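Hi,

Here is the structure I promised to pass on.

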Amino acid sequence: MPELPEVETVRRGLAGLILHRQITKVTGLCDKSLQIAPADVSRLVTGATVADVRRRAKMLMIDLTGGYTLLIHLKMTGQLVYRGDRAWAAGHPNDSMIGELPDKSTRTIFELSGGGKLFFNDQRKFGWIKLYPTSEVMQLASIVKLGPEPLSGDPWREFLPRLRRHQKSRIKTAILDQTVLAGVGNIYADESLWLARINPTTRVEQLSDDDLHRLLDSIIEIMNQSLRAGGSTARNYVKADGSRGDYLDKFARVYHREGQPCARCGHEIGKIKLAGRGTHYCSACQPLLDK
């Protein structure tokens, strides 16, 4: 699943390509992927111009003139590939990024003014495209329940009370909950907890407000670092220009580093299963707290 830095790099790349372009034709090849009635595609999408490209948590929002918004989630294997005056690709890295399109994974094709085409590809058909009135998008139940954005506004004001509702939860499990903080996934949870020197199995109730403030600062630092590096790939996600993000190679300190020495203290990085997710940490730098 993409995390916030990956989706943000996609948003930035996409905005540079399709902003102020008219959608001249939409071809839906899979109803599960393009979850918009054909009549609404013809009436509300075809002929509209892209007014803005936004993001909330891990979802992309393409605002259209006429007052409607395309809401897109790439999920695990989704891709957006642009072909036209230039080539661009983002998402799950396979041959569809560089091969002839459409191919067997192509689910939707948007044709744009100026001759460009935007392909939505998805091998496993978990991703989707939906349409909502722009005025209602931010009021959707799936969006209203999301926690604050770590990279905008004042996330601390909401983060602390939301986290304190999960006092008995392990801290890693709690920060993976999108209703606590938007956009954090497995990679950045491990990296942020390492930076904050907090053991991932620690229960929320064991941590002081100062501990949690340090953790939020670490999440923000790690995400900004990843954005500058173009995100991680973790086998699935690439930078907006189609090249691999290099966060994992250059900056990751614990994720996928089990058995290697900790960059801070030299102790061996360990790996455990926590809430069904592989979890990487240094037991020396991130010691268990007394019960």
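Let's start with a crossing: helix 1 and helix 8 cross in a right-handed way (right-handed if the near helix is turned clockwise from the far one by less than a right angle, left-handed if anticlockwise). Before going on, some ground rules: this is a predicted model, where local features need pLDDT of at least 70 and side-chain atom pairs count only at pLDDT 80 or more, while totals for chains, interfaces and linings use all residues. Residues are numbered from 1 along each chain as its sequence is written, and side-chain values use heavy atoms, with hydrogens and water left out. Helices (H or I, at least four residues) and strands (E, at least two) are DSSP runs, numbered from the N terminus.

**Helices that pack on helix 8**

Helix 1 covers residues 4-18 and helix 8 covers residues 209-228; they pack at about 40°, with axes 9 Å apart. The axes are lines fitted to C-alpha atoms, for helices over the stretch in contact, and angles run from 0 to 180 degrees between N-to-C directions. That makes helix 1 and helix 8 oblique to each other (under 35 degrees is roughly parallel, over 145 roughly antiparallel, 65 to 115 roughly perpendicular, and the rest oblique). Who touches whom? On helix 1 the contact is made by L4, P5, E6, E8, T9 and R12, and on helix 8 by M223, S226 and L227 (contact means heavy atoms within 4.5 Å). Sorted by class, that contact has four nonpolar, two polar and three charged residues. For the classes, Ala, Val, Leu, Ile, Met, Phe, Trp, Tyr, Cys and Pro count as nonpolar, Asp, Glu, Lys and Arg as charged, and the others, Gly among them, as polar.

Helix 5 (residues 155-164) also packs with helix 8, at about 125° and with the axes 11 Å apart. Helix 5 and helix 8 are oblique too, and their crossing is right-handed. Here P155, W156, F159, L160, L163 and R164 of helix 5 meet D209, L212, H213, L216 and I220 of helix 8. This contact has eight nonpolar, one polar and two charged residues.

**What sits inside**

The largest nonpolar core has 32 residues, and L70, L80 and W88 touch the most other members. A nonpolar core is a set of buried Ala, Val, Leu, Ile, Met, Phe, Trp, Tyr and Cys residues joined through side-chain atoms within 4.5 Å; buried means under 20% relative accessible area, exposed over 50%, and partly exposed in between (1.4 Å probe, protein chains only). Helix 1 gives the most to this core, with six residues. There is also a second, separate core of 22 residues, which includes V180, L207, L212 and M223.

Back in helix 1 you'll find G13, which is buried at 16% relative accessibility. Now try helix 7 (residues 186-196): 10 of its 11 residues are buried, so it is largely enclosed by the rest of the structure.

Most residues other than glycine have a negative phi, and most peptide bonds are trans. Which spots stand out here? Finally, the peptide bond from L101 to P102 is cis, with omega near 0°.

Cheers
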